[in-house]
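Subject: Structure handover

Hi,

Here is the structure for you to look through. Please open it first, then read the notes below.

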Amino acid sequence: MPIRLLSSEVASQIAAGEVVERPASVVKELTENALDAGAKNISISIEDAGRTLVEIADDGYGIPANELELAAARHATSKLVQSEDLFHIQTLGFRGEALASIGSVSHMTITSRVAAATEGARLKVDGGIAGKVEKVGAPVGTTLRVENLFYNVPARLKFLKTDVTERRAIDALVTRYALAYPNVRFKVTDGKQVTLQTAGDGDRRSILAALYGVDVAKQMLEVMAMEEGLSLTGFISPTSLTRSNRKEITFFVNGRWVQDYSLTTALLQAYHTLLMVGRYPLTTLFLEVDPEDVDVNVHPTKAEVRFRSQDKVFSFIQRSARKALLAYTPVASVSPQMWGGSRPVSSEGREVGIDWSIGHDSVDSEQLTVDSEQPPTDNHQPTTTNSSFASVPLLRLIGQIGSTYIVAEGPDGLYLIDQHAAHERVLFEKLMAQHDKKSIPSQALLAPEVVTLPPQSAKALMPQLPFLKHFGFEVEEFGTNTFQVRAMPALFAGGDPSSALRALVEDFEEDETPLQAEVEAKLAARVCKRLAVKGGQTLTIEEQRALLNDLEACTSPRTCPHGRPTMIHLSVDTLEKQFGRKGPR
Ligand code: ADP
Ligand code: MG
């Protein structure tokens, strides 16, 4: 075929593919336009999950009749003149592409009126072909009606998911914009039913309830942090509230919804080791950055941004979220009511018969004063040696039961400690502290151990060999699927090298997007688990005492690195109630 210029309609349809992927993309673009126009009320109507109709009416400043045609043209925008303007951009839109794109793949009607005009004007665009501007009666503001999306690009229609999924995408989008703009009243109507309505009174909590339900909204922790040139507000879930994927992690940057990998990573680091492996928080966070410090023009749907000082933003997010998390995490010896009145659940997931309080990562007020100027710290790294910082009280050893649990007394009652989980935590914090100092003492084995692994595991281990070295392991390939362990971290002296090696590769699943720090911590947690004392292992009094002391020194003594509790606590109060000394009989 000879080379030829595409007709403008075809070119528009192709370009539309970048901006308009599904009904929710139309909702996004039109909502952003309404917000850019300073609307205080935005009404969104949809039918058939947006396939047959998306209509967005706003009370913004409107489009003058003589500019209507231009508004619908490609590269027509009132929001920027020169490319440098991008770095001062205060609006969500700037490319002048949305209306042209949407108009090329639907029947679009724009009706608008500016306050200075006595009448409104209307323009229809059908599959990219604009009609004539007509005068009509209309309130001040703009109504964009988009009918039969993709009617002229059937291939696109085929890519749409079920109505339920498309609907969900629209809801997720509008609710998040409602959260980002709590002073704007949003109303969504699906068919005849109003499915979302916000008050526009600035109260984000109530919108949060629309997004997650009242129960979840109540538990969400508020984040509010500020630093030169940066501010972070919004909500993050406590460690007890998680999801199995990252989909509920939402970030807005300067009022724009972005999917940014590094922001998510920073956030996850704030939760580091507080969540079970494979669990993720729910968050809606709003980051404000000086427009000059962020490039918003790096992605077709503007879903990604680039920061001038990525590290600074990263560490700010991590510290701010961490602080909020620690500030709200229940303090030592949680009362059963703090668990929402429900019975705590044992580590195996069974309900515990009496009101035991399950150990929960906690801090006392001193941790809240952690200086925000400090370099980002992970929880595995003790930030101070002050003993009042320990979040378990000083414990008096009573003894061991069932060769599995250590019984101890604290000022506030009885503690039952799972020796395995506790030891896991202790080893993990020690190992990570050494790791952060980049010095994990290694100890050569008297006799190097040769370990043969199943082919799959051997394959998984190969790429890990360099980082094993950072962890004080010296492991070499020693024939097919066979390795020789020559040295181990001194911390694990006496541990079984082959068991350690197997732990490293067991169930090794590649994270969708592996992150060095995350992978390392995971591996460390895995080895610690394998080499920690087991249940059923009798410990001497000295060993029991040493374990308690080490646990007291941990930053997060109440959970193992996988997030399971290390201890349960029976308060004096509970004892008294159980024995009928107090409260109703
Ligand atoms: P962009 O938002 O990138 O400028 P659009 O294609 O989305 O491009 O819109 C083109 C222009 O039409 C905008 O710059 C704005 O001037 C005008 N416009 C679009 N929607 C509205 C609206 N709801 N209210 C007022 N003006 C609007
Ligand atoms: Mg726009």
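Is Asn254 buried, partly exposed or exposed? Asn254 counts as partly exposed, at 23% relative accessibility. (Buried means under 20% relative accessible area, exposed over 50%, and partly exposed in between, with a 1.4 Å probe and protein chains only.) Asn254 sits in the loop between β12 (249-253) and β13 (256-258). Its phi is positive, about 45 degrees, although Asn254 is not a glycine.

Some ground rules. This is a predicted model, where local features need pLDDT of at least 70, side-chain atom pairs count only at pLDDT 80 or more, and totals for chains, interfaces and linings use all residues. Residues are numbered from 1 along each chain as its sequence is written, chains are lettered from A and ligands numbered from 1 in the order in which they are written, and side-chain values use heavy atoms, with hydrogens and water left out. Helices (H or I, at least four residues) and strands (E, at least two) are DSSP runs, numbered from the N terminus.

Asn481 also has a positive phi without being a glycine, at about 55 degrees. Look for Asn481 in the loop between β22 (474-477) and β23 (482-489). Asn481 counts as partly exposed, at 26% relative accessibility.

Next, the ligand. Ligand 1 is surrounded by 19 residues. (A residue is near a molecule if one of its heavy atoms lies within 4 Å of it.) The closest are Asp58, Thr77, Ser78, Lys79 and Gly96. Helices α2 (23-36) and α4 (98-104) each supply at least two residues of this shell. There are polar contacts too (pairs of N or O atoms within 3.5 Å; within protein, one must be able to donate a hydrogen and the other to accept it, and residues adjacent in sequence count only if both atoms are side-chain atoms). A backbone N or O atom of Gly96 lies 2.7 Å from an oxygen atom of ligand 1. For Leu99, a polar backbone atom is 2.9 Å from a ligand 1 oxygen. Taken alone, ligand 1 exposes 530 Å², and the protein buries 94% of that. (Accessible areas come from the Shrake-Rupley method with a 1.4 Å probe; for residues, only the protein chains shown count as cover.)

Now the salt bridges. The structure holds 18 of them. (Each is a side-chain nitrogen of Lys or Arg within 4 Å of a carboxyl oxygen of Asp or Glu.) Lys28 pairs with Glu32, with the closest N and O atoms 3.3 Å apart. Both lie in helix α2, 4 residues apart, about one turn of the helix. An α-helix has 3.6 residues a turn, so residues three or four places apart point the same way. Lys28 is buried at 12% relative accessibility, and Glu32 is buried at 2%.

Asp190 and Arg167 form another salt bridge (1.9 Å, N to O). Asp190 is in strand β8 (residues 185-190) and Arg167 in helix α6, so the pair ties together parts that are 23 residues apart in sequence. Arg167 counts as buried, at 14% relative accessibility.

Last, helix α14 (residues 497-505). Why is α14 largely enclosed by the rest of the structure? Because 8 of its 9 residues are buried. Among them are Pro497, Leu501 and Val505. At the start of α14, a side-chain oxygen of Asp496 reaches to within 3.1 Å of the backbone nitrogen of Ser498.

Best wishes
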